[in-house]
Amino acid sequence: MNVLTLKSIEKSFGDLKVLKGIDLSINKGEIVCIIGPSGSGKSTLLRCINHLETIESGEIDVLGTKLAVTEQGKAKYLPERQIRGICARIGMVFQNFNLFPHKSVLENVMEAQVVVKKTQKDKAWEISMQMIEKVGLVDKVDAYPAQLSGGQKQRVAIARALAMSPDIMLFDEPTSALDPELIGEVLLVIKKLALEHMTMLVVTHEMVFTREIADRVVFMDEGKIVIDGVPDDIFVNPKHARIKTFLERTLR
C-alpha cells in the first residue's frame with residue numbers, strides 16, 4: 001500500500017530554488033534512505049512532507065489524503081486543522097533533538113501524547129514507558145536532557161516520536177550532531193525499527209548503515225533526484241558519474 005506520494009514538488013527560499021520537480025513514492029513498511037551532498041535539498045524535502053515548510057507547487061499525498069495539490073500553478077493546502085490531523089500520523093526525529101530542557105525523559109515522551117492527542121495521563125505514562133524501554137533508557141526515565149549524552153538525547157527523541165504511534169517515521173540526519181562513538185547506539189535503534197517493518201524515510205550521511213537497512217536509496221543533488229533504486233544501484237554498480245564522485249569522497 002502506498003503511504004506517501006510526492007509529485008512535481010517545487011520549493012524555493014527567495015531566489016534560491018531548493019527542490020526542482022521532486023517525484024517520490026513510498027510503500028507501507030518500506031525503508032528509504034536519502035543521501036547526497038549538503039545543500040541538495042534532502043532536509044527541506046522532509047520538512048515539506050511534515051508541513052514544517054510549504055511548497056510552491058506540486059502534490060503531497062499522505063496516507064491516501066492529499067495534503068496539497070496544485071491549482072493555477074500554485075500549491076493549495078487543506079485547512080490547517082486537517083493538516084494537523086494528518087501530520088500527527090507522521091513522526092519526525094530532528095538533527096538536534098528538540099527536547100524540553102526543563103522536563104524529564106518521561107515528561108518529554110508524554111508531552112505530545114497528552115497535549116496533542118489528548119491521551120489520558122495514565123495511558124500516556126504506560127505508552128511512554130514502553131517506548132523508553134524500546135530505546136534502552138529505562139534507567140534514565142527521571143533524568144533531564146542536560147544529564148544525557150547526545151546519543152541518549154536522540155534516543156529520547158525517537159521514543160517521543162514512536163509514542164505518537166506514527167504510520168511513517170522521518171529521520172533528518174539523526175546522527176549528524178553526535179560524536180562518532182555515540183552514533184552506533186542511535187543507528188541500532190533505527191535498525192530495530194527496520195526489523196519491525198516501520199515505514200521510514202531517513203536522510204543520512206551514514207553510507208554503511210544505508211546499505212544495511214535500505215530497501216531503496218534515493219540520491220539527491222542540486223534539488224533533484226538523480227537516482228532512486230535498490231542499494232546495489234548506488235553502492236555496487238553506480239552508473240551515474242555524480243554518484244561515483246560522491247561515494248569516492250564519502251567512503252574514503
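User: Which strands form the mixed sheet, and in what order?
Analyst: In this predicted model, 6 strands make an open sheet that runs β7-β8-β9-β3-β10-β11, with mixed pairing.

User: Which strands stand at its edges?
Analyst: Those are β7 and β11 (224–229). Each has a single partner strand, so one side of each is left without a neighbour in the sheet.

User: And how much twist is there from one strand to the next?
Analyst: The average is 15°.

User: Take β7 then. In which sense does β7 pair with β8?
Analyst: β7 and β8 (residues 168–172) are parallel partners, with 4 bridges between them. As an example, V93 has F171 in β8 as its bridge partner.

User: OK, what does helix α9 touch on that sheet?
Analyst: Helix α9 (residues 241–251) packs on the sheet and touches β3 (31–35), β10 (216–221) and β11. The direction of α9 makes about 95° with that of β10.

User: Switching to rings: how many aromatic pairs turn up in the whole structure?
Analyst: The search finds 1. That pair is F219 with F246, and F219 sits in strand β10 while F246 sits in helix α9.

User: What's the geometry of F219 and F246?
Analyst: Edge-to-face: the centres are 5.2 Å apart and the planes make 65°.

User: Now the antiparallel sheet. What's the strand order there?
Analyst: That sheet goes β2-β1-β4-β5-β6, 5 strands in an open arrangement with antiparallel pairing. Its edge strands are β2 (16–27) and β6 (74–77), each pairing on one side only.

User: How far are neighbouring strands of this sheet turned against each other on average?
Analyst: By 20°, with direction ignored.

User: How many bridges do β1 and β2 have?
Analyst: There are 9, in the antiparallel sense. One of the pairings puts F13 with L16 in β2.

User: What about the turn between β1 and β2?
Analyst: β1 and β2 form a hairpin with 2 residues between them. G14 is in the turn and has a positive phi of about 65°.

User: And what joins β1 to β4?
Analyst: 5 bridges do, between β1 (residues 2–13) and β4 (residues 57–62), and the two strands run antiparallel. Within that pairing, T5 stands opposite D61 in β4.

User: How do the lining residues divide into nonpolar, polar and charged?
Analyst: The lining has 14 nonpolar residues, 5 polar and 5 charged.

Terms used:
Residues numbered from 1 in each chain as written. Predicted model: local features only at pLDDT ≥ 70, side-chain atom pairs only at ≥ 80, totals over all residues. Heavy atoms only, no water. Nonpolar A, V, L, I, M, F, W, Y, C, P; charged D, E, K, R; others polar. Pairing = 2+ DSSP bridges. Axes fitted to C-alpha atoms, helices over the stretch in contact; angles between N-to-C directions. Contact = heavy atoms within 4.5 Å. Phe/Tyr/Trp six-rings, centres within 6.5 Å; stacked < 30°, edge-to-face > 60°.
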